[in-house]
Amino acid sequence: SSRTPFRLVEPQVDESLLGFFHRLADVNGHPDGASLLGLVGWRYGRALIEALPVVEQSLGLAPGVLLPLAPIARPARGLLDRRFERMRSVAICPTCVADRRPHHLFWRHCLVTTCLTHGLVLQDTCPRCRAQLPWNVGGYRACACGYALSEFDRVAAEPFDIALSALIAGAEHPSRALLPPSLATGEVERVGSFLRFLTSHEGAPMTG
């Protein structure tokens, strides 16, 4: 509402919804998105995503600004398919964090393993406390234990891993020349399901 005492920021291009909440919290002096959302009675998850117009009103945001960031059931972009959203951990690029870039939308996709800007492996485990970065605590700049995300290990990614991450992100990237010609450019519809199908023989058959 208009009475909500938040300093507002605009979502940035290809910023993740969770990352936006962490950044909004950081600007307003809160340790993480969860604490800020809790002030207006919300918790990050499916219920929040299915009520985005109400959440926008609660936070004093303009109508419709959060939907382009949100993982949903049948998205126009495969990158936003909520079946592939990381829900057990958060992955970050330490150099992006050091540069104060927004937490990128494609970092939330469970099959994306690299930063396309810096060619680094995304990190999801804190070097200090050895715990995976949880989505509900910790924030825009630090692990829940206080260790700076910008100080996480910087590990160069393999070119083929970068190519696959670029494919999933639907991003143009020189590494995609390593892929078959039909996958070298553009966005591939339902790419997460396609890749899961290709790797299905690696897992043991299961029922139920």
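This briefing covers the fold, surface, cavities and cysteines of one protein model.

The model is predicted: local features need pLDDT of at least 70, side-chain atom pairs count only at pLDDT 80 or more, and totals for chains, interfaces and linings use all residues. Residues are numbered from 1 along each chain as its sequence is written, and side-chain values use heavy atoms, with hydrogens and water left out. The protein has 208 residues. It holds 7 helices and 2 strands.

**Fold and surface**

- The elements run α-α-α-α-α-β-β-α-α from the N terminus. Helices (H or I, at least four residues) and strands (E, at least two) are DSSP runs, numbered from the N terminus.
- Buried residues make up 46% of the 208. Buried means under 20% relative accessible area, exposed over 50%, and partly exposed in between (1.4 Å probe, protein chains only).
- Among contacts with a separation of 6 or more, 55% join residues 24 or more positions apart. A contact means heavy atoms within 4.5 Å.
- The accessible surface is about 11000 Å². Carbon and sulfur atoms account for 55% of that surface. Areas come from the Shrake-Rupley method with a 1.4 Å probe; for residues, only the protein chains shown count as cover.

**Cavities**

- The whole structure contains 3 cavities of 30 Å³ or more. A cavity is a set of points, on a 1 Å grid over the protein atoms alone, where a 1.4 Å probe fits but cannot get out; lining residues have an atom within 4 Å of a point.
- Grid points are joined across faces, edges and corners, and a volume is the space filled by probe spheres set on the points.
- The largest cavity holds about 100 Å³. Its lining counts 14 residues, with Pro 71, Leu 79, Glu 85, Leu 105 and Arg 108 nearest the centre.
- That lining splits into 9 nonpolar, 2 polar and 3 charged residues. Ala, Val, Leu, Ile, Met, Phe, Trp, Tyr, Cys and Pro count as nonpolar, Asp, Glu, Lys and Arg as charged, and the others, Gly among them, as polar.
- The second largest cavity holds about 80 Å³. Its lining includes His 22, His 103, Gly 138, Gly 139 and Cys 143.
- This second lining has 8 nonpolar, 4 polar and no charged residues.

**Cysteines**

- The disulfide count is 0. The criterion is a pair of cysteine sulfur atoms within 2.5 Å.
- Cys 93 has its closest cysteine sulfur in Cys 115, at 3.6 Å, too far for a bond. Cys 93 is buried, at 0% relative accessible area.
- Cys 143 is in no disulfide either; the nearest cysteine sulfur, in Cys 145, is 3.7 Å away. Cys 143 is buried, at 6% relative accessibility.

Technical notes
1 Å grid on protein atoms, 1.4 Å probe; cavity = no way out; pocket = protein on both sides within 12 Å on 5 of 7 lines; lining within 4 Å.
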